[in-house]
Amino acid sequence: MLTLAVPSKGRLMERTAQWLAARGLRLRRTGTARDYAVALDGIEGVEARLMSAGEIAGALAAGEVNLGVTGRDLIREGAVRAEEVAALGFGHADLVIAVPDFWSDCRTLHDLDAVAAQFREGHGRRLRIATKYHRLTRAALREAGVADYVLVDSQGATEGTVAGGGAEAIADITSTGETLRANHLRVLEDGMVLRSEACLWRSQVDGGDEGPFRDLAARAAG
Amino acid sequence: MALEVRPEEPSSALRAEAERVAALFAARGAEPFETSVLQPAGPLLDLYGEDIRARAFVTADPLRGETMLRPDFTVPLVRDHVAGGRGAARYAYAGEVFRRQEVPGRAREYVQVGFELFGGGVEADAEAFGAVAEAVGGAAAPVIGDIGLLLAAVRGLETSPRRRAALLRHVWRPARFRALLARYAERPPMPGPAGAAEEIGARSRAEVEARRAAMEADAAVPPLAPGQVAPLEALIALRGRAGDALEAAGRLDAPGLAPAVERLAARLDAMGARDLPFEATLGRASMEYYDGFTFVFAAKGGPPVATGGRYDALVRAMGGDVPAVGGVVRPAALVGAGTC
């Protein structure tokens with residue numbers, strides 16, 4: 001048996017159901033609209049479970065489910081031991097580093113590092129970058145050799161933290177960049193940290209039975 | 001039922017080995033240093049930057065704020081030494097340190113036994129090395145280095161103070177240092193057009209203008225000549241028998257390097273170490289901020305058994321003005337290397 005976690009509501013659930021349907025698999029609610037009982041028709045040995053989108057990465061990490069549909073950003077940020085089976089072609093979002101648009105001297109991560117040095121000298125503290133993606137952002141800044149910054153946690157409305165006085169720059173998910181522009185922010189030229197989309201993942205903690213997995217993987221590829 | 005072996009937990013053999021090493025350091029007149037496992041995060045973050053959060057276990061203390069499980073003894077030791085307003089001193093400590101690991105199999109907690117000397121020059125280098133060598137015995141072989149050579153060559157570079165400062169700031173980030181060197185060997189880019197976008201956040205438009213002006217001034221600085229970059233690259237690559245490396249460093253045409261070469265010669269003499277293997281930038285990327293003498297003891301093909309070096313700049317960054325050198329031994333690695 002194989003357990004597949006599917007986002008439990010909204011567009012993510014609809015698009016996942018469509019993606020499955022295009023591969024001859026039908027997601028069917030078995031209880032009332034309110035509970036999370038669901039069945040997957042068209043394949044043997046795979047059981048579907050609806051889960052809140054934010055919890056799927058954790059369930060894969062714990063091996064509570066063998067397969068799951070969730071964003072690449074959440075898997076990488078959580079350092080979840082899971083293998084990408086297929087990219088599903090929706091839920092596109094990029095994790096980017098953005099600075100106030102009026103920082104005309106700051107177009108690259110090299111500039112951001114120089115700005116951070118200048119800021120620390122002038123303000124006596126490190127430049128704050130607001131994000132909820134601490135691990136990915138820290139790894140990207142380390143790779144680029146940016147120093148003298150500090151990450152501050154922002155669990156929502158991150159794009160508003162600079163105008164609100166909570167940070168000097170941000171690292172956040174964007175799909176069109178519209179929200180960033182509306183908040184007077186601009187993505188650095190080399191500020192792309194991760195290109196994310198919804199993917200089908202297999203837990204490396206407990207990948208489940210091989211037979212049904214091969215069947216599902218063949219359909220995902222086809 | 002077989003007893004479960006938990007390699008990260010101190011065994012009696014490990015405890016005995018730690019005590020043996022600590023006794024050797026105490027016999028050299030070191031006073032014992034103790035500090036708590038829970039350390040305030042502030043000084044560690046100020047010194048190591050955000051990267052320390054990826055390496056240390058971080059927790060929240062409801063009264064004291066962000067707290068870390070002691071990732072090393074150096075920072076609390078320097079903090080207490082500086083706070084006490086002390087000059088020359090020597091310390092020994094033994095205890096567990098905690099490091100986050102994303103690679104399975106690496107120890108997340110292990111015992112360190114350390115010996116640190118405040119005050120003194122090359123003779124202190126020799127004593128710190130000698131103390132650690134005595135503790136390691138024949139279990140592992142040393143390699144020595146000297147980051148002071150590269151620092152001196154950068155300080156002596158004939159270019160703008162701004163560029164020298166940027167290179168010095170990134171000496172301990174090898175990839176970034178190399179990228180800066182490459183950048184300064186070409187014409188730097190001018191700032192883009194000034195924007196009319198709305199001013200938001202704590203960094204002011206005046207600061208943006210100040211940096212634009214600095215970038216424009218920097219564009220007038222002549223690029224580094226190949227003859228300026230080559231000695232730096234030679235120093236980074238310099239390795240071999242210490243006596244030969246010393247001679248090679250002495251032949252490099254780098255302004256400001258000579259005093260550092262003399263210091264290396266004096267240290268090698270004090271240690272009687274001209275035949276040891278030498279790597280000029282040994283320990284440069286270890287996040288310890290060594291700025292002079294460095295050393296590593298490793299068993300053949302194994303992990304480091306002991307590491308150490310000089311960290312005068314770290315003391316200065318924490319508000320002190322006394323030079324310092326020291327080293328730590330990992331008794332678990334010695335037990336593993338079969339000295340017990």
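This is a predicted model: local features need pLDDT of at least 70, side-chain atom pairs count only at pLDDT 80 or more; totals for chains, interfaces and linings use all residues.
B:F73, by contrast, is buried, because 23 other C-beta atoms are found within 10 Å. This phenylalanine belongs to the loop between β4 (65-69) and α4 (74-83) of chain B, and its contacts, again without residues up to four places away in sequence, are B:T35, B:Y93, B:G95, B:Q112 and B:G114.

## The binding-site record

An unreviewed UniProt entry places the feature "binding site" at B:D72, B:F73, B:T74, B:R99, B:Q112, B:E116, B:Y289 and B:Y290. B:Q112, which is named in that record, is also among the residues that B:F73 touches.

## Domains and their contact

The domain assignment divides chain B into domain 1 (9-139 + 321-340) and domain 2 (141-188 + 207-298), and the centres of these two domains, taken over C-alpha atoms, are 27 Å apart. Their contact draws 12 residues from domain 1 of chain B and 10 residues from domain 2 of chain B.

On the side of domain 1 that touches domain 2, the elements giving two or more residues are α5 (122-136) and β12 (324-329) of chain B, with α5(B) contributing the most, at 8 residues. By residue class, this side of domain 1 consists of 8 nonpolar, 1 polar and 3 charged residues.

Notes. Residues are numbered from 1 along each chain as its sequence is written. Chains are lettered from A and ligands numbered from 1 in the order in which they are written. Domain bounds come from an automatic or database domain assignment. Two residues are in contact if their C-beta atoms, placed from the backbone, lie within 7 Å. Helices (H or I, at least four residues) and strands (E, at least two) are DSSP runs, numbered from the N terminus. Ala, Val, Leu, Ile, Met, Phe, Trp, Tyr, Cys and Pro count as nonpolar, Asp, Glu, Lys and Arg as charged, and the others, Gly among them, as polar. UniProt positions are given in the numbering used here, feature names are shortened, and annotations may be inferred rather than shown by experiment. A residue is buried if 20 or more other C-beta atoms lie within 10 Å of its own, exposed if 12 or fewer, and partly exposed in between; C-beta atoms are placed from the backbone.
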